[in-house]
Amino acid sequence: MKKNLSRILVFTLLLSVLATMGLSALAEGTVKIAMLPKFKGENYFDACKVGAQEASDELNKDAKVVEFLYDGPSQDQATNQKQVDILEGWIAQQVNVIIVSPNDPVAIAPTLKKAMEKGIKVLTFDADAQPDARQLFVNQVASDGVAKGLVEGTAAKLMVKGYGPEKPANIGIISSAKTDANQQAWLANIKALLATDDYKWMVLKNEDTDVYYPGPDETATQTQAGILISRMGPGADQIQAAIGLTSMATPALGSQYNAASVKPDPATITLTGLATPNALKSYIKDDANPLDAGVLWNCMDLGYLAVECGYQMATGTLTDSSTTVTAGRLGDREIADKMVILGPALVFDKDNVDNFNY
């Protein structure tokens with residue numbers, strides 16, 4: 001009787017440990033991977049989801065080893081609290097992996113730490129959280145690479161239109177919220193490049209008035225893009241180049257140019273920024289619109305890489321000491337300082353935009 005009681009106690013303790021560590025799904029042969037974008041219903045994160053689902057399907061080719069969950073707030077409710085509400089539900093479900101793009105890297109940290117304390121593997125993608133609140137950051141591209149692509153591309157387009165060291169050009173920028181870690185890092189690197197001898201003729205005159213922060217709200221983004229376009233028109237205060245730092249801001253520049261009652265001469269200004277090729281294709285191919293190039297990365301590959309990393313972390317293939325990850329069709333990627341980078345930025349214009357379908 002005592003022997004049986006001891007076995008029952010040991011078994012009960014083991015189940016408790018497994019539950020606390022969030023490993024119940026592993027015991028059943030599946031890994032529950034939950035992905036949380038900043039918001040749903042927008043082509044950037046929709047493309048990330050497609051890649052994430054592809055990775056899950058590949059892992060499940062011979063036997064179901066992954067259960068993939070995807071949820072996020074709507075664009076008009078893209079707040080930290082909405083993300084936290086979803087995370088709390090996943091923690092209660094004892095998922096094995098959480099992959100999140102935080103709206104606020106600081107405010108979300110306590111919830112991510114709570115998940116890690118429960119044994120859940122926590123990764124960030126697209127945007128990072130505090131380093132101590134996640135185990136791996138799946139970064140699309142280094143911050144200086146984004147800035148370089150945007151600044152080099154803008155400079156090249158401006159020089160074709162007659163600007164340069166002898167004829168400086170003023171820059172306006174549409175970001176997201178000031179709490180967004182990605183945009184702040186990219187902006188810092190852009191400013192650093194604009195301070196160099198190669199690009200000092202591109203001038204961000206006043207950060208307080210020439211950098212816009214509409215947040216993730218589509219209506220606010222369109223409104224502020226329209227204001228920036230109006231400052232580029234005849235008789236305005238003459239900004240010659242506008243850069244969008246979000247996948248909503250850049251298309252908004254193109255659409256607000258089309259909607260403007262008084263349009264600046266496209267031969268005298270340029271618009272560019274970050275967005276998916278499909279979101280910018282119609283503007284890029286329109287000779288009457290000065291939005292003639294965009295910068296991004298393969299969003300589907302970003303989602304694919306994130307799920308591959310999450311699965312390998314949950315199963316122990318990828319550990320804290322790993323220096324590389326072999327991610328399916330993407331091959332090997334280096335890991336340094338708990339960060340893996342997808343690859344260099346992609347610049348697309350009229351010559352190559354038709355080669356992409358996302």
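Helix axes are lines fitted to C-alpha atoms over the stretch in contact, and the angles between their N-to-C directions run from 0 to 180 degrees. The model described here is predicted, so local features need pLDDT of at least 70 and side-chain atom pairs count only at pLDDT 80 or more, while totals for chains, interfaces and linings use all residues. Residues are numbered from 1 along each chain as its sequence is written, and side-chain values use heavy atoms, with hydrogens and water left out.

Helices are DSSP runs of H or I with at least four residues, numbered from the N terminus. The axes of helix α3 (residues 43–59) and α12 come within 6 Å and cross at roughly 45°. The two are therefore oblique to each other, a word for angles that are not under 35 degrees (roughly parallel), over 145 (roughly antiparallel) or 65 to 115 (roughly perpendicular).

The largest nonpolar core has 91 residues, of which V138 and W297 touch the most other members. Such a core is a set of buried Ala, Val, Leu, Ile, Met, Phe, Trp, Tyr and Cys residues joined through side-chain atoms within 4.5 Å, where buried means under 20% relative accessible area with a 1.4 Å probe, protein chains only. Helix α12 (residues 299–315) gives this core its largest share, 10 residues. Beyond its neighbours within four places in sequence, W297 is in contact with residues including Y44 and L302. A second, separate core of 19 residues includes L36 and I98.

Notes
Buried means under 20% relative accessible area, exposed over 50%, partly exposed in between (1.4 Å probe, protein chains only). Contact means heavy atoms within 4.5 Å.
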